[in-house]
Amino acid sequence: MLQRLPEHNDERPARVDPTASSALPERQTETAALVVNDLWRSFGGVVAVQGCSFDVRPNSITGLVGPNGAGKSTVINLVSGLIKPDKGRIYLDGEEIQGHAMDWVSRAGLIRTFQVAREWPKLTVLENVLAAAPAGHRETVWRALFGRRATRREEALLEGRASELLARLNLTHVVNELAGRLSGGQKRLLEFARVAMVAPKVVLLDEPLAGVNPVLGDELGRAIQGLRDDGATVVVVEHNMGFVERICDTVVVMATGRVIGEGSMSQLRTNQDVVEAYLGRTAAHE
């Protein structure tokens with residue numbers, strides 16, 4: 001049975017290491033869309049995530065950044081249910097979700113993408129989006145896709161919604177193409193259309209620019225903002241700091257498996273721990 005988030009912060013474990021050189025800001029956890037609290041995960045003798053804690057406010061875009069090996073993708077895997085934490089709690093809209101399988105978490109309203117876009121290559125672009133319709137509509141969708149008689153009104157509504165999403169993402173001209181023939185950037189946009197079709201509460205995007213032509217960066221940014229505008233809360237793991245600064249409302253910085261800072265990019269540039277651990281290296285690399 002799911003458990004409600006405690007009503008008072010003082011009933012929860014401490015979220016910030018008091019010995020840290022810079023304390024993180026206080027949080028309004030009762031109103032957060034997603035809460036990660038004291039998360040731990042080891043692989044053999046290697047501790048990949050150690051005491052990671054952060055909150056994501058509703059209807060926002062939050063960047064999750066840090067150097068390679070900081071534990072970002074592991075946190076995404078833990079939150080989405082791909083792997084289980086050794087310790088810690090994860091709350092989605094105040095409900096505990098840690099330890100549940102990925103399909104259960106997705107039905108609860110949290111959807112994630114992977115670094116490589118995934119699609120049904122032998123279905124058309126439109127069919128891919130229709131196949132992502134919520135479970136209540138899925139039987140009708142699959143009957144329609146494979147030629148059986150379906151409820152025309154519901155089918156028309158679903159096709160209208162799918163066509164609207166594809167038009168928003170500039171994919172109308174490939175609507176009848178097999179998805180496997182799309183470019184990497186088009187596959188990523190198609191993935192966003194499928195996510196939007198589900199109407200999730202929270203979306204986790206793991207390096208959405210990976211393998212995509214940089215020219216499409218602005219278009220992908222608008223697509224992510226479109227998910228937020230539709231009511232979703234978005235968490236983005238990304239190394240392109242210019243992209244993160246353009247689209248994210250808040251940025252959470254990780255290093256050595258834990259959060260070392262969070263806030264706007266201007267605030268983080270004044271955080272010496274963050275500059276030394278990540279932003280200084282990133283600036284030098286760029």
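A nonpolar core is taken here as a set of buried Ala, Val, Leu, Ile, Met, Phe, Trp, Tyr and Cys residues joined through side-chain atoms within 4.5 Å. In this predicted model, the largest such core has 52 residues. The residues with the most contacts inside this core are Leu166, Leu190, Met197, Ile224, Val251 and Val253. Helix α6, spanning residues 184-198, gives the most to the core, with seven residues. Apart from residues up to four places away in sequence, Leu166 touches Val125, Leu126, Val129, Leu171, Thr172, Val175, Leu190 and Ala193.

Six strands form an open sheet with mixed pairing, in the order β6-β7-β8-β3-β9-β10. Strands β6 (110-112) and β10 (258-263) stand at the edges; each has a single partner strand, so one side of each is left without a neighbour in the sheet. With direction ignored, neighbouring strands of the sheet are turned by 20° against each other on average.

Within this sheet, β7 (residues 202-206) and β8 (residues 233-237) run parallel and are joined by five bridges. Leu205 has Val236 of β8 as its bridge partner. Helix α7 (residues 217-229) lies across β3 (61-65), β7 and β8, and runs at about 150° to β8.

A hairpin is formed by β1 and β2, with two residues between the strands. Strand β1 (residues 34-43) runs antiparallel to β2 (residues 46-56), and eight bridges join the two. Leu39 stands opposite Cys52 of β2. In the hairpin, Gly44 takes a positive phi near 65°.

Methods. Residues numbered from 1 in each chain as written. Predicted model: local features only at pLDDT ≥ 70, side-chain atom pairs only at ≥ 80, totals over all residues. Heavy atoms only, no water. Pairing = 2+ DSSP bridges. Helix = DSSP H or I, 4+ residues; strand = E, 2+ residues; numbered from the N terminus. Buried < 20%, exposed > 50% of the residue type's maximum accessible area, 1.4 Å probe, protein only. Contact = heavy atoms within 4.5 Å. Axes fitted to C-alpha atoms, helices over the stretch in contact; angles between N-to-C directions.
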